[in-house]
Amino acid sequence: MNLEKLLYTTYGFSSFRPGQKEVIEKIVAGEDVIALLPTGMGKSICYQLPAKILPDSILIVSPLLSLMQDQVAQLKKMGEKSVVAINSFLKPEDKERIMKKLGSYKFIFISPEMLVQPFVKKKLQEIRVSLLVADEAHCISQWGFDFRPDYLRISEILPDLKFPQVLALTATATDKVTEEIKEYLALIKPFIYCHPMDRKNIVYDIKKFEDTHKKLEFLKDFILKFKGPGIIYAGTRKKSQELSMLLTEQGISSAFYHGGMEHQDRVFVQQQFQNREVEWICSTNAFGMGVHIANIRQVIHFQVPTSIEGYVQEVGRAGRDGLPALATLLYAQGDEALLESLVTDDLPTRHEIEAVFNDGPSATYLIDRGIVRETAFRVIAYWMTKLPLAGVISQIEGLRKGKKKQAAKIRELISSDNCIRSYIISSFDQELLDKPDNCCVNDGINYEVFEAFSFSNKKPIPLDWNERLSVILPI
């Protein structure tokens, strides 16, 4: 099989990006694969192209609805009609229609929660699957243990599917996370491809302030000086809304995005950003995964990220076109308190663990009465099937210590006078072999590169209704 010829006839590309061919060759040869490819390196092709060769369906376990929708839309745009997404937003009649002809779809996207539902598992048993893809596989480690435990149950479906090949895709994984992916996907001897994760065109900056007020004043001036499109990450939903309002008052086109919004509102904001109807998104870490916008020039962290892994995922959304992109982390004294609460507040408390153990894993009324939070309930209900009470308490305490270690690495990153790029790369068990000329604030940044993208902040004059119609409905 001439993979280059297949690549050209399918996508019009004359050559593979680094890592793609190596991964695809192993899949075609029948091996399980864990592929660590940097953000923007075309991970989707690693299962889309083999689908042209493999005989049966490709089942893609995807972590976010927005990610599913983006991937489905991309496939349909390329002319692939045999694609479907199964998620909790499907209407009952649509779900029934899809399930009746499930085996006829080449690409089946599904969330971890839907994957383990008995009805869905039964339907999947009736079809043939050539390849199971765990997309954004770092979420197995990042979210599975303490937020969405159904990630840890993906391997349970493998016997029902008659043990298809498995492909785990991610942009960020330490050696520890890679081992956890192997364990929880039940992979014995997978081929592991690990591409150097350094993105040379991303420049790392850190700004420090005495208080949050000075941080806000800097942000307003900074955004007026450097062009977007850009993403501003905030630690809380409330702060994302406040920042968006602040930019809007400055006459800057912006919108906020967070997990507490209605689904349709989130989809609308994402589409506005993709269409350049808004220049800046102010968001929690809920935004970005699966968003493929090549020319994002900036990612700004207004509040401290909770882990190096999350930080790299988020800044990796900038500069996918290969042009210079700026990652700016804003730190003010006192941010440590927020960081401490962000990394531990979602974990179940001892009181919640004991309440679920006393009343049982089916006692959802504990959520309704406000005794146990919903996310905590899911985590406890999962772990109590594996461990006794003391074991679950110990497990959660271990998670708490692990998150505090992650937060400590972020604090070390902020306080370090050494190369930021080197520190980040070493955190992923890799070695930085060479630095770009424009590297990081500790090695000196040439900001003129980014000022070249400066733009007028004036809002465009609205078209009248005749002009708008001529754009929407060209003759």
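## Basis

Residues are numbered from 1 along each chain as its sequence is written. The model is predicted, so local features need pLDDT of at least 70 and side-chain atom pairs count only at pLDDT 80 or more, while totals for chains, interfaces and linings use all residues; side-chain values use heavy atoms, without hydrogens and water.

## Asn 295

Asn 295 lies in the loop between strand S11 (280–283) and strand S12 (298–301); strands are DSSP runs (E, at least two residues) and helices likewise (H or I, at least four), numbered from the N terminus. With a relative accessible area of 26%, Asn 295 is partly exposed, because buried means under 20% and exposed over 50%, with partly exposed in between (1.4 Å probe, protein chains only).

Leaving aside residues up to four places away in sequence, Asn 295 touches Pro 229, Arg 276 and Asp 321 (contact means heavy atoms within 4.5 Å).

## Helices H15 and H17

In H15, Glu 352, Ile 353, Val 356 and Phe 357 meet Ala 376, Phe 377 and Ile 380 in H17. By class, this contact has six nonpolar, no polar and one charged residues; Ala, Val, Leu, Ile, Met, Phe, Trp, Tyr, Cys and Pro count as nonpolar, Asp, Glu, Lys and Arg as charged, and the others, Gly among them, as polar.

## Helix H18

Helix H18 covers residues 389–415, and at 1.5 Å a residue its 27 residues should span 39 Å; the expected span is 1.5 Å times one less than the number of residues. The end C-alpha atoms are 39 Å apart, which agrees. Buried residues in H18 include Gly 391, Ile 396, Arg 400 and Lys 403.
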